[in-house]
Amino acid sequence: MKKLLRFLLPPFIGFSAFFVGIRYSSLYFELKIDEMGLGDLKSFMAFYRYTMPLLFIVAVLTQLLVIAPVWRAMKTKNAADKINVIIDLCFICVLFAFGIAYVIWDPHAGISRLIKLTGFLSVVQLAYWFINLIILYLIE
């Protein structure tokens with residue numbers, strides 16, 4: 001039962017937190033599927049609303065195939081190694097955020113828009129992983 005909780009509970013709580021933030025937003029009922037590629041907060045909310053089941057499946061698979069083995073390996077590491085893994089996680093989040101931001105970025109909007117998109121997407125990913133790791137810590 002504990003193994004099942006390690007795979008399902010952290011993604012469920014992380015996605016629930018985002019769902020509550022989006023569902024109880026004043027923009028929720030105005031979100032349309034054709035607004036997903038605009039690169040702003042409203043388009044991110046529309047993307048999340050319409051692709052949530054697929055994103056949850058990806059989160060559970062990531063939890064099962066990546067996070068669980070790393071979490072098990074972290075039990076035997078010292079504090080310096082754990083800090084290094086956290087720094088690596090932050091770097092990976094920023095790298096993926098930049099890739100996603102670059103794909104949805106309009107070059108006519110300027111580099112500052114790309115930087116803002118990268119920052120926003122990095123914060124969203126880091127918030128999810130922070131929630132995920134806290135839940136894993138509490139389960140152990």
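Tutor: Start with C93: its sulfur lies 6.6 Å from the closest cysteine sulfur, in C90, which is too far for a bond. This is a predicted model, so local features need pLDDT of at least 70 and side-chain atom pairs count only at pLDDT 80 or more, while totals for chains, interfaces and linings use all residues. Residues are numbered from 1 along each chain as its sequence is written, and side-chain values use heavy atoms, leaving out hydrogens and water.

Student: What is a disulfide, and how many does the structure hold?
Tutor: A disulfide is a covalent bond between the sulfur atoms of two cysteines. Here the criterion is a pair of cysteine sulfur atoms within 2.5 Å, and the structure holds 0 disulfides. C90 is in none, its nearest cysteine sulfur being that of C93.

Student: Is C93 buried or exposed?
Tutor: Buried means under 20% relative accessible area, exposed over 50%, and partly exposed in between, using a 1.4 Å probe and protein chains only. C93 is buried at 1%, whereas C90 is partly exposed at 31%.

Student: Which residues lie nearest the centre of the largest pocket?
Tutor: A pocket is an open set of points on a 1 Å grid over the protein atoms alone, where a 1.4 Å probe fits, with protein on both sides within 12 Å along at least five of seven lines; lining residues have an atom within 4 Å of a point. The largest pocket has 45 lining residues, with C93, Q125, L126, Y128 and W129 nearest its centre.

Student: What kinds of residues make up that lining?
Tutor: It divides into 35 nonpolar (Ala, Val, Leu, Ile, Met, Phe, Trp, Tyr, Cys and Pro), 4 charged (Asp, Glu, Lys and Arg) and 6 polar (the others, Gly among them).
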